[in-house]
Amino acid sequence: MGYRHDIFVSYKRDPETLFWIDNHFHPLLKITVSQWLQRDPDIYIHEITDNIQVGTAWPVELGEEIAASRVLIALWSGNYMASRWCAKELCVMLAREREAKCRTVENKYGLVIPVIVHDGENVGTIVGNVQKLNIQPCFNTRMRKDSPRAEELFEKLRDHAEGISNAILHAPTWKQEWPTQSAEELMDTYLQPDPQQAGRPRFAAA
């Protein structure tokens, strides 16, 4: 199987956020990161780039896509961790970070990149000591592509594209057990009868 995606975008799903991702964030992320990678990055965004076949168990498919992704960009909002799906996606990648000993003296690049679209006060508590990208003023689902806020979004992504690209390039060697592990994690989440807020995954040094 191996890696298929450079970036997995994790986000609290709603139509407004999806519209903004599709029209603003995704195209600008792709063009800015491509300048450093010297190729177009493969970016997985459920509901935009995915095409899950009829009859497929979509939690299993989603888990396999996470397993096939080098890094995860978490679009951090005040209700991000209220989504058990976002919490689980984040937890899967943080566990891989710990296993691969990322964000250490030997490898300073992590596998989780928080991009704050609203209220990032608690992101450090959950994700750990990692450089964050704050684009709160640019999270406007009604902005035009030629607006000052769209230009600001482009500039912020351009300024951080090198770091995102380096995280992609320093991703650990892919392991064949990841798809099964990730699929089981997502399926367990799907089968949970209680839709209460998921527990907070916390970064801890290995």
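Guide: Let's begin with a term: a pocket is an open set of grid points with protein on both sides, and its lining residues have an atom within 4 Å of a point. Keep in mind that this model is predicted.

Visitor: Happy to. Which residues line the second largest pocket here?

Guide: Cys91, Val92, Ala95, Arg96 and Glu99 belong to that lining, along with Trp178, Gln181, Ser182 and Glu185. The volume of this second largest pocket is about 160 Å³.

Visitor: And which elements supply at least two residues of that lining?

Guide: Two helices do: helix 3 (84–100) and helix 6 (178–191). Helix 3 has the largest share, with 5 residues.

Visitor: How do the residues of that lining divide into nonpolar, polar and charged?

Guide: For the second largest pocket, 4 are nonpolar, 2 polar and 3 charged.

Visitor: Let's turn to the largest pocket. How much space lies in it?

Guide: About 350 Å³. Its lining has 19 residues, and those closest to the centre are Tyr109, Val130, Gln131, Gly163 and Ile164.

Visitor: Which elements give two or more residues to this lining?

Guide: Strand 4 (112–116) and helix 5 (148–169). Helix 5 contributes 7 residues, the largest share of the lining.

Visitor: What is the division into nonpolar, polar and charged residues for the largest pocket?

Guide: There, the lining holds 8 nonpolar, 6 polar and 5 charged residues.

Technical notes: Residues numbered from 1 in each chain as written. Predicted model: local features only at pLDDT ≥ 70, side-chain atom pairs only at ≥ 80, totals over all residues. Heavy atoms only, no water. 1 Å grid on protein atoms, 1.4 Å probe; cavity = no way out; pocket = protein on both sides within 12 Å on 5 of 7 lines; lining within 4 Å. Points joined across faces, edges and corners; volume = space filled by probe spheres on them. Helix = DSSP H or I, 4+ residues; strand = E, 2+ residues; numbered from the N terminus. Nonpolar A, V, L, I, M, F, W, Y, C, P; charged D, E, K, R; others polar.
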